[in-house]
Amino acid sequence: MSKLDKLRSAFRYAFHGIGQAFRSELNLKIHAVISVCVIVAGLLLDISMGEWIAIVLCIALVIAAELINTAIEKLADIIDLKPNKDIGLVKDMAAGAVLWCAIGAVCIGLLIFVPKILMLF
């Protein structure tokens, strides 16, 4: 297998994983809908290039955190099918990381959008 074939396979596997996660995880669907709403708001409010960079980074961070959280949860469920206090704590921490990223994204969104919305009135 050539290096190019390996690269293609790596991308195919990555996109397959992203697709599976979006099909199976409600939270990812929610993040995707919110992301689309934020992008539309950015277009309507004509945000600056710097603001777009912050928005894109926030969207990427939250989606990536959710994908990592989903992978941890799936792996943890395979490792031990019965309730396990330590695995539960790991899953809680991963979910906490997603929440932390989402709170940061909301704060950045508020800093960007609230002044622009207030200027409309």
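Is Asp 77 buried, partly exposed or exposed, and at what relative accessibility? I looked it up: Asp 77 counts as partly exposed, at 37% relative accessibility. My cut-offs are under 20% relative accessible area for buried, over 50% for exposed and partly exposed in between, with a 1.4 Å probe and protein chains only.

A note on the model before going on. I am working with a predicted model, where local features need pLDDT of at least 70, side-chain atom pairs count only at pLDDT 80 or more, and totals for chains, interfaces and linings use all residues. Residues are numbered from 1 along each chain as its sequence is written, and side-chain values use heavy atoms, with hydrogens and water left out.

**Entry: Asp 77**

I found Asp 77 in helix 3, residues 49-79. Helices here are DSSP runs (H or I, at least four residues), strands are E runs of at least two, and both are numbered from the N terminus. The side chain of Asp 77 makes a polar contact with that of Lys 91, at 2.7 Å. A polar contact is a pair of N or O atoms within 3.5 Å; within protein, one must be able to donate a hydrogen and the other to accept it, and residues adjacent in sequence count only if both atoms are side-chain atoms. I also checked Val 98: from Asp 77 it is 21 residues away in sequence and 19 Å away in space, C-alpha to C-alpha.

**Entry: helix 3**

I checked the length of helix 3 next. Its 31 residues should span 45 Å at 1.5 Å a residue, and its end C-alpha atoms are 45 Å apart, which agrees. The expected span is 1.5 Å times one less than the number of residues.

Then I asked what is buried there. The buried residues of helix 3 include Ile 55, Cys 58, Val 62, Asn 69 and Ala 76. Their cover includes helix 1, helix 2 (26-44) and helix 4 (85-118).

I picked out Thr 70, also in helix 3. Thr 70 counts as buried because its relative accessibility is 6%. Leaving out residues up to four places away in sequence, Thr 70 touches Glu 25 and Leu 28, where contact means heavy atoms within 4.5 Å.

**Entry: Asp 46**

I went to the loop between helix 2 and helix 3 for Asp 46. Its phi is near 50°, a positive value in a residue other than glycine. Asp 46 counts as exposed, at 64% relative accessibility.

**Entry: Leu 7**

Last, I looked at Leu 7, which lies in helix 1 (residues 3-24). Leu 7 is partly exposed, with a relative accessible area of 46%.
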